[in-house]
Amino acid sequence: MEAIYQYAWLIPVLPLVGAMLVGLGLISANQATNRLRQLNAVFVISLMGAATALSFAILWSQIQGHAPYTRTLEWAAAGNFHLSMGYTIDHLTAMMLVVVTTVAFLVMVYTDGYMAHDPGYVRFYSYLSLFGSSMLGLVVSSNIIQIYIFWELVGMCSYLLVGFWYDRKAAADACQKAFVVNRVGDFGLLLGILGLYWATNSFEFGEIGERLQTLVESGSISSFLAVVFAVLVFLGPVAKSAQFPLHVWLPDAMEGPTPISALIHAATMVAAGVFLIARMYPLFEGIPAAMNVIAYTGAFTAFLGATIAITQNDIKKGLAYSTISQLGYMVMAMGLGAYGAGLFHLMTHAYFKAMLFLGSGSVIHGMEAVVGHDPVLAQDMRLMGGLRRYMPVTAITFLIGCLAISGIPPFAGFWSKDEILGAAFATNPLLWGVGYLTAGITAFYMFRMYFSTFEGKFRGNEMEIRHELKSAALVPNFGPGAMDTRELAATASSHDSHDHGHSEHPHESPWTMALPLVVLSIPSMLIGLVGTPFANYFEEFIYPPSETAAMAMEKAAEFEPTEFYTLAGASVGISLIGITLASLMYLWRKIDPAAIAAKIQPLYELSLNKWYFDDIYYKVFVLGSRRLARQVMEVDYRVVDGAVNLTGFFTLISGEGLKYLENGRAQFYALIVFAAVLGMVIVFGVT
């Protein structure tokens with residue numbers, strides 16, 4: 001055992017210490033803690049830096065071939081029930097630790113510039129540190145129940161960070177939406193965990209898969225029940241990694257500050273779902289029906305996210321739907337059995353998507369100098385254009401990210417996405433076709449985003465566009481709150497008087513924001529070279545933890561250059577078609593996008609309205625829940641309360657009546673007896 005493994009528990013603990021100390025400072029000495037904001041930031045960043053250094057040391061140890069290590073202690077026991085807690089160090093853990101800590105560290109550095117003037121600067125760092133600690137604890141967890149604990153902590157932190165600006169209604173609504181949607185998936189995950197424990201009497205990753213397979217083969221458990229358990233577990237990643245149909249929370253989460261958007265969408269929350277699929281791979285791979293559910297869910301999500309992204313004008317929401325699409329690629333790879341390809345794309349995507357989100361934050365920071373602190377204006381690409389002249393560092397790094405995600409060689413995204421498409425072509429040509437078409441759409445919308453933002457003339461000072469955007473933003477998509485024309489014009493005019501900055505042109509971001517962009521551009525360009533088919537070092541390192549590992553290695557070794565060049569050429573070709581089309585529409589203006597949208601109006605409206613999922617969910621679940629609640633309240637009022645009130649009424653009436661009979665006078669009682677006897681005589685005498 002490597003000596004460094006004894007200290008691996010420090011990786012999640014160090015950021016936790018930072019979050020706790022800064023949080024206690026805010027609670028006990030708020031003003032003093034906020035005055036020492038830079039010192040608090042340096043303290044939190046240093047602790048994450050130490051965790052990053054430890055993560056690299058563990059990765060290097062695993063690369064050197066040291067055996068995996070697990071350390072546990074008994075946490076709780078009752079009869080035959082024993083629950084252990086601890087940490088596991090293996091190839092998957094080592095890779096994820098490096099990805100999470102490096103991105104989190106750079107995001108923290110970037111935050112100093114982005115949140116410099118925010119009154120919640122120190123509080124934001126505390127939340128960031130707690131978020132990083134929760135994700136790192138999830139990565140090193142030694143069993144599925146421990147993962148679930150950190151899984152919920154990650155969800156809690158995302159709630160705090162997405163709703164960080166809680167005084168804005170949009171942010172408050174977004175964090176509640178994210179919380180509720182994720183609870184749906186988490187409930188499914190909890191049911192799956194309990195079902196697997198009932199069947200296998202274990203929470204350990206390897207044991208669950210082996211025992212369940214044995215039980216199915218022996219007939220002790222039906223294969224249908226095994227599929228149900230696996231799909232329930234998969235519901236957790238469906239919510240966390242924003243897969244259809246629980247993808248709707250992710251775009252709304254853009255209401256949080258941009259650094260947390262980068263962290264959520266690159267290395268932490270959304271990556272947790274793909275990580276759980278990888279960790280539970282011994283369970284899934286033995287259940288073909290569950291693997292098909294995973295593969296088709298991922299493929300549809302990839303296509304869904306890409307088709308919505310092509311019409312988004314908010315730069316952050318466009319990147320959010322891009323993330324949904326790329327996560328779909330990873331999930332599809334896992335379902336197809338391409339374990340290594342899915343994790344390879346997770347790693348490369350973490351770096352170039354973090355760079356793209358931080359680049360969007362840099363753009364927003366520059367635009368706020370012109371349009372003021374208004375997200376409706378600062379984030380809309382229709383007000384941008386020509387920013388490359390004012391923000392060269394941001395433009396170059398953003399271009400690198402666009403090339404990487406579009407799959408242009410030799411950038412990182414080419415090698416990882418092409419490996420997924422190659423696995424799909426060999427396994428399921430239908431899913432390959434979906435992934436192939438999605439690759440072309442991805443290149444189109446990413447370069448639409450780049451050209452609209454950084455090329456052409458700057459449109460930020462055109463008041464007509466500002467007024468139009470503000471007017472559109474004041475009209476809700478659905479539900480109550482619609483204004484008439486006069487109210488709308490008056491409100492828009494009042495907003496226009498405040499929508500101004502202190503400059504006519506945007507400016508480049510400070511070095512604390514630009515430096516992380518430059519650093520992230522290096523892996524975005526080069527890290528894919530560790531997983532080329534010519535020498536796939538990543539595949540050799542991150543093999544599946546199962547009996548099929550040797551088969552996977554043999555398959556990787558059987559490299560056929562002709563097949564690779566054909567598939568890679570086709571992949572690059574459709575990406576170039578997408579880039580060319582985006583150039584003709586948004587760079588050279590040879591094709592009018594509005595004319596095309598008018599010709600395919602139903603499809604355009606479908607994409608612009610996000611396939612109407614938000615509207616459907618609002619009508620079915622929100623309004624449906626309210627209607628059901630009103631009906632339940634009516635039943636409670638008329639039936640339950642009615643029965644109780646009627647019982648009370650009869651008791652009251654009978655009591656009021658009896659009090660006149662129970663007066664304590666013997667003569668009155670004798671009269672009643674006489675009347676009763678007389679009545680009986682008359683009745684029986686007549687009969």
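1. Glu634 is partly exposed, with a relative accessible area of 37%, where partly exposed lies between buried, under 20% relative accessible area, and exposed, over 50% (1.4 Å probe, protein chains only). Arg638, for its part, is exposed, at a relative accessible area of 58%. These two residues form a salt bridge in which the closest N and O atoms are 2.5 Å apart, a salt bridge being a side-chain nitrogen of Lys or Arg within 4 Å of a carboxyl oxygen of Asp or Glu. Because Arg638 and Glu634 are four residues apart in helix α29 (residues 613-661), about one helical turn separates them; helices here are DSSP runs (H or I, at least four residues), as are strands (E, at least two), numbered from the N terminus.

2. A word on the basis of these values. The model is a predicted one, in which local features need pLDDT of at least 70 and side-chain atom pairs count only at pLDDT 80 or more, whereas totals for chains, interfaces and linings use all residues. Residues are numbered from 1 along each chain as its sequence is written, and side-chain values use heavy atoms, with hydrogens and water left out.

3. Over the whole structure, a search finds 13 salt bridges. Side chains of opposite charge can pair when their charged atoms come close. Salt bridges with shared partners join Glu152, Arg183, Asp186 and Lys240 into one network.

4. Arg279 and Asp90 form a salt bridge, with 2.7 Å between the closest N and O atoms. This pair links distant parts of the chain, 189 residues apart, since Arg279 belongs to helix α12 (residues 269-279) and Asp90 to the loop between β2 (81-89) and α4 (91-114). Arg279 is buried, with a relative accessible area of 8%, and Asp90 is buried too, with a relative accessible area of 15%.

5. Asp252 forms a salt bridge with Lys177, and their closest N and O atoms are 3.3 Å apart. Here too distant parts of the chain are linked, with Asp252 in helix α10 (residues 249-252) and Lys177 in helix α7 (residues 169-200), 75 residues apart. Lys177 is partly exposed, its relative accessible area being 22%.

6. On the surface, Val17, Leu21, Leu24, Ile27 and Phe43 form a nonpolar patch with about 470 Å² of accessible area together. Patches are made of residues with over 30% relative accessible area and no salt bridge, like charges being joined within 9 Å and nonpolar side chains (Val, Leu, Ile, Met, Phe, Trp, Tyr) within 5 Å. Helix α1 (residues 10-28) gives the most to the patch, with four residues, and Leu24 is found in this helix.

Definitions and conventions:
Accessible areas come from the Shrake-Rupley method with a 1.4 Å probe; for residues, only the protein chains shown count as cover.
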